[in-house]
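The structure is shown first.

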Protein chains: 2
Amino acid sequence: MKTLKIPEATIIRLSVYSRHLTDVDRKGIITTSSGEIADGVGVSPAQVRKDLAYFGEFGTRGVGYNVKDLRQHIMRILGLGVEWSVTLVGVGNLGLALSTYKGFRDRGFVITSIFDADPKKIGTKIEGVEVLPIEQLETVVKQNNTQIGIVAVPASVAQETVDKLIKSGVSAILNFAPIVLNVPPEIELRNVDLAVNLEVLTFNVCGQRCY
Amino acid sequence: MKTLKIPEATIIRLSVYSRHLTDVDRKGIITTSSGEIADGVGVSPAQVRKDLAYFGEFGTRGVGYNVKDLRQHIMRILGLGVEWSVTLVGVGNLGLALSTYKGFRDRGFVITSIFDADPKKIGTKIEGVEVLPIEQLETVVKQNNTQIGIVAVPASVAQETVDKLIKSGVSAILNFAPIVLNVPPEIELRNVDLAVNLEVLTFNVCGQRCY
DNA sequence: TTTGGATAGTGCTATAATTAACATACCTTA
DNA sequence: TAAGGTATGTTAATTATAGCACTATCCAAA
């Protein structure tokens, strides 16, 4: 298999396709087509085929795709064949919401440890997982061989938090703090900035006329 | 001012620039340059200049940019000169987290109404705002002339929720439900899918070798 | 067995976005 | 007042992404 660069947009769409296929499969549908998938997720049929073509041939010409098969393939491509151990740092309102978010476990992401700096929160249990003091982060994350860290701490301590996570051996970080983080290139980092999302909306609502 | 199409990536970066400039301004720094901004947010200087060039000339050749000025300009561009009335639908853990998120108010987004379907939650107050029954959504949102809706309900009721929001006159929607929504083209819609973000990470961690 | 309809896979074209290079303008200093 | 240094604004080139059209393949029905 060639290792040509895959656009990130393609990965995002694959993730959406797989979710769509899960729904379709649940309805008992056996076969689908690029056109149906396209309708279901709001892209063009050509785009669907193009995205899949990066990874191989999963359909049958003249027929379409087997729903279960294609779903399974995409899950594999996305690395969702196995369970992922996730650690969550920061148990504010957002951290609490993330720790109880059903969508994670459904897709194989299991929160195996939770940390916070606030003494009042330490020792409490969230969905069966005890909140530990931040000082134990390195030991526990190493022990569990956790690969993914979620950062839901205030911006002021976000950089030191990711530094700790990286020292502990995680290779991917999902950051919710509204700040630009410095990480070495081998660490995968994604930022979810809630305010930025609203600001893209306001720009578009202004019809790009405000300025 | 010409109305050429602005890339969405540019808007996202502008939002990040403005946040960066707020920090820089707070440090008492008067003047900055495209290079410094680039360093601060992790893009190239040319990118910074290009992004700004879509909207006008905000700097002085040979000198750089006045921090306060440039920040003000970008805020204007993003439509952040005024306060935005926002309504929140769904008071699960995520909705609760969003309703108390400081980053929104800081940037001029004020949650003026909150709705939920669960009778037990109705009447409770969150940050001084009373949770109202979903049946009152249309009336209240119209009354307040609210422009932005945040959807934090389960996927199964997300489509009917946005339908209600649109009937009530909102023009922009930020959706957290993991489902593809149908909205008319004049409505601005952005999706924040938490699981998708993790899946992009796992794909990259797998080094694109898993498949 | 052959033909028609349908749909995946693929190469090419066009569009968009990023990067790089250059010319312009401003401030400072001698 | 003139010259040098510096950083912007802008144009050109490169790269990346999406869209389209065509070809190959399969199934079903006559």
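## Pocket lining

α1(A) supplies 8 residues to the lining of the second largest pocket, the largest share. Helices here are DSSP runs of H or I with at least four residues and strands are runs of E with at least two, numbered from the N terminus. At least two lining residues each come from α1 (8–26), α4 (67–77) and α6 (102–106) of chain A, and from α5 (93–99), β4 (109–116), α8 (158–167) and α9 (194–205) of chain B.

The volume of this second largest pocket is about 1100 Å³. Among its 48 lining residues, those closest to the centre are Tyr101(A), Pro154(B), Ala155(B), Ala177(B) and Pro178(B). A pocket is an open set of points on a 1 Å grid over the protein atoms alone where a 1.4 Å probe fits, with protein on both sides within 12 Å along at least five of seven lines; lining residues have an atom within 4 Å of a point. Points are joined across faces, edges and corners, and the volume is the space filled by probe spheres set on them.

## Basis of the model

This is a predicted model, in which local features need pLDDT of at least 70 and side-chain atom pairs pLDDT 80 or more, while totals for chains, interfaces and linings use all residues. Residues are numbered from 1 along each chain as its sequence is written, and chains are lettered from A in the order in which they are written.

## Chain A overall

Chain A has 9 helices and 9 strands, and its C-alpha atoms fill a box of roughly 60 × 50 × 35 Å along the principal axes. Of its 211 residues, 50% are buried (under 20% relative accessible area, 1.4 Å probe, protein chains only).

Note on methods: Heavy atoms only, no water.
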